[in-house]
Structure formats: C-alpha cells, structure tokens
Amino acid sequence: VASFDAEDESGTVVLDDGLRLVFDATIFAGSGARMLRPGQRVFVEVDDEGPIPTLSGMWLFRPDRSSDGTATS
C-alpha cells in the first residue's frame, strides 16, 4: 500500500515490479480490511487485458482459488 485515504476509502498500491495502481472504495470494500497503512503488503489481482492495467481485487490474506483460477470466498 503506497497511500490510503480513510475518508473516501481509496488509495494506491505499488506492485513488486514498481507499477503503481489506484483502488477505489469498491475494491477496498471487497478487501476485508477496515483500514490500511502505507507499507502494508496486500494480495492483489490485476486486470491487464485493456490498454491500461487496473486493480480488480485486493485482499489482506491470499484468497482461495477455484480450479479455474478465479478467487472464491
């Protein structure tokens, strides 16, 4: 986690390769977190099918995966 705004529940993460991605309140709500702090490590899912990669999921703990590779709850 590079930044987190608790008021609007949005922020940024920096991937291991240095790519910085923005997340909004919808992604934060699905993370299972109540608060994030800069420097905190999280698991993320990136959608890189479009011209610009986007963050499609974020979790504090590694999500379970189904046989087709998608996250399950």
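**A walk through the loops**

Glu-9 is partly exposed, with a relative accessible area of 33%; partly exposed is the range between buried (under 20%) and exposed (over 50%), using a 1.4 Å probe and protein chains only. This is a predicted model, in which local features need pLDDT of at least 70 and side-chain atom pairs count only at pLDDT 80 or more, while totals for chains, interfaces and linings use all residues. Residues are numbered from 1 along each chain as its sequence is written, and side-chain values use heavy atoms, leaving out hydrogens and water.

Glu-9 sits in the loop between β1 and β2; strands here are DSSP runs (E, at least two residues) and helices are runs of H or I (at least four), numbered from the N terminus. The phi of Glu-9 is near 55°, a positive value in a residue other than glycine. Most residues other than glycine have a negative phi.

Glu-7 is found in the loop between β1 (3-5) and β2 (10-14), and counts as exposed at 79% relative accessibility.

Let us move on to a pairing of charges. How many salt bridges does a search of the whole structure find? It finds 1, where a salt bridge is a side-chain nitrogen of Lys or Arg within 4 Å of a carboxyl oxygen of Asp or Glu. Asp-16 forms a salt bridge with Arg-41, and their closest N and O atoms are 3.5 Å apart. Asp-16 lies in the loop between β2 and β3 and Arg-41 in the loop between α1 (25-29) and β4 (43-47), so the pair ties together parts that are 25 residues apart in sequence. Asp-16 counts as exposed at 72% relative accessibility, and Arg-41 counts as exposed at 65%.
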